[in-house]
Structure formats: structure tokens, C-alpha cells
Amino acid sequence: MTLRTLHRTSAILIAVFACVHIANHLAGLLGVVTHIAFMEAARLVYRNLAVELVLLLCVAFQVGSGLTLALRGWRQRRGFVPWLQALSGAYLSFFLLVHVSAILSGRLMLNLDTNFYFAAAGFHVPPYPFFFVPYYFLAVVALFTHLGCAAYWQVQDRPRLIRVLVVAVPAGVSMMLALLIVLLMAGKLQPVEVPAKYKATYGAFK
């Protein structure tokens, strides 16, 4: 199997988890209690030691293989979609490294339940929202855009409109989803009271 084929295979597993994760955030539109209940049910699967290990290995491989593929074809890349695919993939690599490291640090070093409040805390401690708003927004957009770009190469024999929509529709939908998630965690859709122990990780409390 080629590196690109392995990259696509691991991407499928990560994409499935990412979709569940995004659905978890959207469940929060019904309230934080609903978000946490959804999360605890999903954790029965992805917090299983074997499943979690596979996911972590896939993330590590995805980042390494993705950056390798992006750099390998950097000078030969031509056209909007190839560049969009490379740039969205590069951002996803950055996000996965930061996000997974933060989650593991929160669990293993800070002994925190990395739930909704762990993710939302950065939105409620100035000046960190300036980082976390684009950080989460671009992550959702990059994920769906990258998947759309991957699908683009599978419809090269279809009319131009179809090829454009394969990329444009996921990207457009992702912007709406990203906006909802950001507004939710920022407490703009409903009140969010982040416990002090989560805010304290940003030095908000002495």
C-alpha cells in the first residue's frame, strides 16, 4: 500500500470519530447536560483502551503522512483545489497536535475531566478567546473542506458543477456548524458557567 492509500485509510477512522465529536458539540445546543450525557455514552466506545490507542496512532500517522504528502508535492501543486487540500490538511495537522496534546495533558497531568467545560474554558478567560475562536472555527471548516477536496478527485469524470459542489457544499455547511459550536462554547446561545478549576488552567485564579 502506498503512503497516500494508508493516509486515506487512517483518515476514515479519524473522520468517523470527528463526526461523532462534532455531533457531541451540536448536542450541546440542547444544553450542557445533554452534551455531557452524549459524551459519556460515546466514551464507552472511544475511551476503550484498544479503540483509544488505535485513534491516537491514527492521529500520529495522519499528521506525519499528511505533512509528508503536502511537502512532497509542494512545488508541483497547481490549481485552487490542490492548494486548498494542502492548506486545510496542514491546519488539521496543527489542530490535531495541539488538541490531542491538550486533552492528554488535561487528563493525565491536571487530573481534569476533559468535557465541555474543558473545551469552553478558553472562551471565558481573556484574552484567550482571540486564539480559541479562530482555532475551533477553522478546525471544523478545515475538516469538512479537506474531506470535500478528497472527494473532488473521485468525481473527475463528472460535470464541472458537480466537482465544484463536492467541495463547496461541505465547506459552506462546515462554516455554519463551526459558527454554532463557537457561539455555544462562548456562551452566546445560552448561559455557560465554567467551573473555576477549568478557568484556573489559564491562570485566571490565584
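Arginine 107 is partly exposed, with a relative accessible area of 23%. In this predicted model, arginine 107 forms a salt bridge with glutamate 52. A search of the whole structure finds two salt bridges.

**Salt bridge between arginine 107 and glutamate 52**

- The closest N and O atoms of arginine 107 and glutamate 52 are 2.5 Å apart.
- Arginine 107 belongs to helix α4, while glutamate 52 belongs to helix α3 (residues 49-72).
- The two residues are 55 residues apart, and the pair links distant parts of the chain.
- Glutamate 52 has a relative accessible area of 15%, so glutamate 52 is buried, the limit being under 20%.

**Salt bridge between aspartate 113 and arginine 43**

- Here the side chains of aspartate 113 and arginine 43 meet, with an N to O distance of 2.9 Å.
- Aspartate 113 sits in the loop between α4 (80-108) and α5 (116-120), and arginine 43 sits in helix α2.
- Aspartate 113 counts as partly exposed because its relative accessibility is 32%.
- Arginine 43 counts as buried, at 13% relative accessibility.

**Packing of helices α1 and α2**

- Two packed helices are described by the angle between their axes and the distance between the axes.
- For helix α1 (residues 3-27) and helix α2 (residues 32-46), the angle is about 160 degrees and the axes are 8 Å apart.
- That angle makes α1 roughly antiparallel to α2, because angles over 145 degrees count as roughly antiparallel.
- From α1, the contact is made by Phe17, Val20, Ala23, Asn24, His25 and Ala27.
- From α2, the contact is made by Thr34, His35, Phe38, Met39, Ala42 and Tyr46.

**Nonpolar surface patch**

- Leu161, Leu165, Val169, Val173 and Met176 make a nonpolar surface patch of about 450 Å².
- One of these residues, valine 173, lies in helix α7 (residues 160-185).
- Valine 173 is partly exposed, with a relative accessible area of 35%. Patch residues need over 30% relative accessible area, so valine 173 passes that cut-off.

**Lysine 197**

- Lysine 197 is found in helix α8 (residues 196-199).
- Its relative accessible area is 52%, so lysine 197 counts as exposed, the limit being over 50%.
- Lysine 197 and leucine 110 are 87 residues apart along the chain, and their C-alpha atoms are separated by 9.8 Å.

Terms used: Residues numbered from 1 in each chain as written. Predicted model: local features only at pLDDT ≥ 70, side-chain atom pairs only at ≥ 80, totals over all residues. Heavy atoms only, no water. Patch = residues over 30% accessible without salt bridge, like charges linked within 9 Å, V, L, I, M, F, W, Y side chains within 5 Å. Areas by Shrake-Rupley, 256 points an atom, 1.4 Å probe, with all protein chains shown as cover. Salt bridge = Lys/Arg side-chain N within 4 Å of Asp/Glu carboxyl O. Helix = DSSP H or I, 4+ residues; strand = E, 2+ residues; numbered from the N terminus. Buried < 20%, exposed > 50% of the residue type's maximum accessible area, 1.4 Å probe, protein only. Axes fitted to C-alpha atoms, helices over the stretch in contact; angles between N-to-C directions. Parallel < 35°, antiparallel > 145°, perpendicular 65-115°, else oblique. Contact = heavy atoms within 4.5 Å.
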